[in-house]
Amino acid sequence: MGIEDKLASLGVTLPNAPAPAANYVPFVKVGNIVYISGQISNDENGLIIGKLGENMDVAAGAAAARRCAINLLAQVKAACGGDLDQLVRVIKLTGFVNSTADFTNQPQVINGASDFLVEALGEAGRHSRSAVSAAALPLGVAVEIEGIFEVK
């Protein structure tokens, strides 16, 4: 079963890879490594905004992180010329959580992305990771995640 077939079995259809919002590229490919720029939390309804510890709970934050992971895979697909089956593994994620100074559950929020990638990719989805707090994120989004991936 291909990666997109597995995603479909999970009820996930990848969106078109989001275009960059400023003067940067969405990904850089160096050899068989792809560096994906930060993907913000959004879905078919628009931006997922909020601040963890203020007006958003961990479950909603984890759902926002999952959407970031879906957008990361869309960028990997674009980097691979439309063939997501070129993805070998997820190497590293860095997750930024828009949160209050006293909120300390950033890892549980970013688990939304990590758990999804393991569910969708199996062992190839296991990765190293950082989960950090941010006082604010672009456009007020709840989560932003960047990633490093190995491809064929």
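Modeller: The element that gives the most to the lining of the largest pocket is β2, with three residues. Keep in mind that this is a predicted model. The elements that give two or more residues to that lining are β2, which spans 33-40, and α2. In total, 16 residues line the largest pocket, and those nearest its centre are Ala19, Ala21, Tyr24, Gly38 and Ile40. Sorted by class, the lining has ten nonpolar, five polar and one charged residues, and the space inside comes to about 230 Å³.

Now let's follow β2 itself. Six of its eight residues are buried, so β2 is largely enclosed by the rest of the structure. Among its neighbours is strand β1 (residues 27-30), which runs antiparallel to β2 and is joined to it by four bridges. One of the pairs to look for is lysine 29 with its bridge partner in β2, valine 34. The hairpin of β1 and β2 has two residues between the strands, and glycine 31 there takes a positive phi near 60°. Strand β7 (residues 143-151) also runs antiparallel to β2, with six bridges joining the two; here isoleucine 33 stands opposite glutamate 150 in β7.

That leaves α2, the helix of residues 58-79. Its 22 residues reach 31 Å from first C-alpha to last, close to the 32 Å expected. At the start of α2, a side-chain oxygen of aspartate 57 comes within 3.3 Å of the backbone nitrogen of alanine 59. After α2 comes glycine 81, with a positive phi near 65°.

Technical notes: Residues numbered from 1 in each chain as written. Predicted model: local features only at pLDDT ≥ 70, side-chain atom pairs only at ≥ 80, totals over all residues. Heavy atoms only, no water. Expected span 1.5 Å × (residues − 1). Polar contact = N/O pair within 3.5 Å; in protein donor to acceptor, adjacent residues only side chain to side chain. 1 Å grid on protein atoms, 1.4 Å probe; cavity = no way out; pocket = protein on both sides within 12 Å on 5 of 7 lines; lining within 4 Å. Points joined across faces, edges and corners; volume = space filled by probe spheres on them. Nonpolar A, V, L, I, M, F, W, Y, C, P; charged D, E, K, R; others polar. Buried < 20%, exposed > 50% of the residue type's maximum accessible area, 1.4 Å probe, protein only. Pairing = 2+ DSSP bridges.
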